[in-house]
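Dear colleague,

Here is the structure I promised to pass on. My notes follow below it.

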Amino acid sequence: MSMTDPIADFLTRLRNGLRADHEAVVMPASKFKTELARILQEQGYIDGYATEPARVGQALRVTLKYTEGRQPVISGMSRVSKPGRRTYVGHGEIPKVQGGMGTTIVSTSKGVMTGHEAKRQGVGGEVVAYVW
């Protein structure tokens, strides 16, 4: 069965894993999900990620990150551009998340990157998600 929105599924699995206090979550892998995990790791939201063979295809294992008091590092995530309503912005219109304390994830013609990187490179694109 095909999935309508695999990116929303990725974010929901992370959110559920954090709420259930899991060490890691496993999901079907794709290049786009791997890029999202790379950005989350670079920004310090997760401890790590790895692709591994699964029964069918590849699986993506994301190791979640918590503070000393066992509170999740990610306090919130939201999907912005959805299959039914895509959201595109120019490089001058990339929104800030939580007054600059969060991360905007943008899919551009030069690849998936944070909003700060997209502004620096002068490219716009599809706003995939906000993470704070």
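The largest cavity holds about 80 Å³ of space. A cavity here is a set of points on a 1 Å grid over the protein atoms alone, where a 1.4 Å probe fits but cannot get out. Points are joined across faces, edges and corners, and the volume is the space filled by probe spheres set on them. By this rule there is one cavity of 30 Å³ or more.

First, the basis. This is a predicted model: local features need pLDDT of at least 70, side-chain atom pairs count only at pLDDT 80 or more, and totals for chains, interfaces and linings use all residues. Residues are numbered from 1 along each chain as its sequence is written, and side-chain values use heavy atoms, with hydrogens and water left out.

Back to the cavity. Its lining residues (an atom within 4 Å of a point) include Ile 94, Pro 95, Lys 96, Gly 102, His 116 and Lys 119. Helix 3 (115–121) and strand 6 (103–108) each supply at least two lining residues. Helix 3 gives the most, three. Helices (H or I, at least four residues) and strands (E, at least two) are DSSP runs, numbered from the N terminus.

Three strands form an open sheet in the order 1-3-2, with antiparallel pairing; pairing takes at least two DSSP bridges. Strand 1 (24–28) and strand 2 (46–53) are at the edges with a single partner strand each, so one side of each has no neighbour in the sheet. Five bridges join strand 1 to strand 3 (58–64). Met 27 has Leu 60 in strand 3 as its bridge partner. Helix 1 (6–19) packs on the sheet, touching strand 1 and strand 3, at about 160 degrees to strand 1. Contact means heavy atoms within 4.5 Å. Angles run from 0 to 180 degrees between N-to-C directions, with axes fitted to C-alpha atoms, for helices over the stretch in contact. Helix 2 (31–42) lies across strands 1, 2 and 3, at about 155 degrees to strand 2.

Last, the cores. A nonpolar core joins buried Ala, Val, Leu, Ile, Met, Phe, Trp, Tyr and Cys residues through side-chain atoms within 4.5 Å; buried means under 20% relative accessible area (1.4 Å probe, protein chains only). The largest has 24 residues, and Phe 10, Leu 14, Leu 40, Val 62 and Ile 105 have the most contacts inside it. Helix 1 gives the largest share, five residues. A second, separate core of eight residues includes Val 80, Val 89, Met 113 and Ala 118.

Best wishes

Conventions: Buried means under 20% relative accessible area, exposed over 50%, partly exposed in between (1.4 Å probe, protein chains only). On a 1 Å grid over the protein atoms alone, a cavity is a set of points where a 1.4 Å probe fits but cannot get out, and a pocket is an open set with protein on both sides within 12 Å along at least five of seven lines; lining residues have an atom within 4 Å of a point.
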